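Dear colleague,

I am passing on to you the structure we spoke of, with the sequence and the coordinates together.

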Amino acid sequence: MVQRLLLAALAAAPLAALAGPNGPATLLPDTTGTTPTTGLNPAPAQAAPADPLPWYRPRHLVAQTGGGLGMVAAGAGYSLKDRLDLDILIGYVPRKYAGSRLSIYSAKLLYSPWTLPLGKTQKWALRPLMVGGYFSYTHGTLNDEEPNQYYRGYYWFSTDTRVGPLLGSRLSYALPPTAKGRSRNVSAYYELGSNDLYLISYVQNLKGLSPIDILTLSLGLKLDI
Amino acid sequence: MRSFFRTLPSRALLPAAAALLLGSCEMLEFSPNDHRGPDRQQDLTAKNLARLNQNPLPAGDTLRFVFTGDSQRFYDEAEDLVKSVNQQADVQFLIIAGDISDFGFGREMRWVDDHLRKLKIPYVTVIGNHDSVGNGRKAYEAIFGPLNYSFAYGDTKFIMTDTNGREYNFDGKIPNMPWVNQELRDTSTRRHVIISHVPPQDEDFDPAVRDAYVTALRNDPRLAFEMNGHRHDFSIGEPFNDGVTYINSYGFEKRQYLIVTVWGDKQFRLKKVQF
């Protein structure tokens, strides 16, 4: 029961953060504010627009643990309008935790509808809600279908390919802008997730499993470059 | 207003921090193949056998155990099975004939244990083909224990062996016949019961080892019967017409299990229980 309440609290946390005394409208600058660029817009650091970067250049570096994507997973990613992040990660799990040394290749797509500036200095900002999903492929599992080992359809599921939903929050701190004037943040995030097979297990056993049984947690850092 | 914003990070992150403290180790999963878990869910075979030995069965006493199999992805049923078994008087332990998990993930094995540890009696398992997928064998070894093991209880020696030949791509070594033969040669108990997941008459049993296995069983004068899972349904018979009885378990989803009573040299009775 405690676990179910906790889960509900987790799910509601981003909403609670938004539901101030006067609703989301309170997120706009109050009447004493004179800087129309704050409020719902991201990028608390007010750097002058820099030269546009080539599209293929990663916008940030990422490192995280957990979430089924590695004991450590690191990579790079892209941002669209500071709201949609696509991160590509390579994760590693040592043999003693999984029975064999695993490398996990993953892609995460996360959408953050809101960025809330925090405090007077505007150095801190919170993305109360990130919602999205991931795809992962694991290399290095031990019993991994040799030719003719099974007849077609013997196992209906993939051992190595997983997909799953993600839900999290992210706290950012504005670093001094780069020499070229681009704003930069360093962020810490958590994500709660699951995967296709855990979800199927839960959906078919609403009595025999609790939601927290199927949750995974990731903790990570993101640095704009 | 401003104070609301100042407290906002703590409002949003506090539940996350609480979750972190409560279950971070298990939730911070490195991979679905990650088989770490709390200490209480490691080496469960040894722990359950230690529990069993706390209530030794005197020589000559009747043996009675619950026989089931294939708990894979049937957690609702697992909960109901535990309630039902806990109402049975005079059963000494429970056996699951393999396929504890569906995908070979440690977390699934722990989910099954979350239910079965509520049994009033100890339980033991043998590895199934689904427990062997991916890194499942390593998860099974960490969470339950050896893939081949035996234990004596009262007058009976139980021989638990991995017969999931297809999971080794029929390498001719499964079941491990030198080990099986050595176990069957042991004359320290009055009778033997051998239990595995895939029955020898099944297409998932290594055809190259079938004869050796069936012959070894036929030649063991102490063997009471052989038991399997995998087929998710009850059956009893002599598939090789050689006097050796093979018994198959219900899967959890059939909502039935067997109570097996054994006495004398090889006499036994089966009772079906619905739950």
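Predicted model: local features only at pLDDT ≥ 70, side-chain atom pairs only at ≥ 80, totals over all residues.

**Chain B: overall division**

Chain B is divided into two parts, with domain 1 covering residues 1-30 and domain 2 covering residues 39-274. The C-alpha centres of domain 1 and domain 2 of chain B are 44 Å apart. For residues 63-232 of chain B, UniProt lists, in an unreviewed entry, "domain: Calcineurin-like phosphoesterase".

**Chain B: two open sheets**

One open sheet of chain B is formed by 6 strands in the order β4-β5-β6-β7-β9-β8, and its pairing is mixed. Its edge strands are β4 (149-153) and β8 (235-237) of chain B, each of which pairs on one side only. Within this sheet, neighbouring strands are turned against each other by 20 degrees on average, with direction ignored. At one end of that order, β8(B) is joined to strand β9 (residues 246-248) of chain B by 3 bridges, and these strands run antiparallel; B:Gly237 has B:Tyr246 in β9(B) as its bridge partner.

Another open sheet has 5 strands in the order β3-β2-β1-β10-β11 of chain B, again with mixed pairing. Here β3 (123-125) and β11 (267-274) of chain B stand at the edges, and because each has a single partner strand, one side of each is left without a neighbour in the sheet. Neighbouring strands of this sheet are turned by 25 degrees against each other on average, direction ignored. Strand β2 (residues 93-96) of chain B pairs with β3(B) in the parallel sense over 3 bridges, and the bridge partner of B:Leu94 in β3(B) is B:Tyr123.

Helix α6 (residues 177-185) and helix α7 (residues 207-218) of chain B have axes that come within 11 Å and cross at roughly 5 degrees. Since angles under 35 degrees count as roughly parallel, α6(B) is therefore roughly parallel to α7(B). On the side of α6(B) the contact is made by B:Met177, B:Val180, B:Asn181 and B:Leu184, and on the side of α7(B) by B:Val209, B:Ala212, B:Tyr213 and B:Ala216. Sorted by class, this contact of α6(B) with α7(B) has 7 nonpolar residues, 1 polar residue and no charged residues.

The loop between β5 (156-161) and α6 of chain B holds B:Pro175, and the peptide bond that leads from B:Ile174 to B:Pro175 is cis, with omega near 0 degrees.

**Chain A: hairpins and positive phi angles**

In chain A, strand β1 (residues 60-66) and strand β2 (residues 72-80) run antiparallel and are joined by 5 bridges, with A:Ala74 in β2(A) as the bridge partner of A:Ala63. The hairpin of β1(A) and β2(A) has 5 residues between the strands, and in it A:Gly67 takes a positive phi near 70 degrees.

β2(A) is in turn joined by 9 bridges to strand β3 (residues 84-93) of chain A, and these two strands also run antiparallel. A:Tyr78 stands opposite A:Leu86 in β3(A). β2(A) and β3(A) form a hairpin with 3 residues between them, and A:Lys81 in the turn has a positive phi of about 50 degrees.

A further positive phi, of about 35 degrees, belongs to A:Glu145, although this residue is not a glycine; A:Glu145 lies in the loop between β6 (124-139) and β7 (161-175) of chain A.

With kind regards

Terms used
Residues numbered from 1 in each chain as written. Chains lettered and ligands numbered in written order. Domains from an automatic or database assignment. UniProt positions renumbered as here; feature names shortened; annotations may be inferred. Pairing = 2+ DSSP bridges. Helix = DSSP H or I, 4+ residues; strand = E, 2+ residues; numbered from the N terminus. Axes fitted to C-alpha atoms, helices over the stretch in contact; angles between N-to-C directions. Parallel < 35°, antiparallel > 145°, perpendicular 65-115°, else oblique. Contact = placed C-beta atoms within 7 Å. Nonpolar A, V, L, I, M, F, W, Y, C, P; charged D, E, K, R; others polar.
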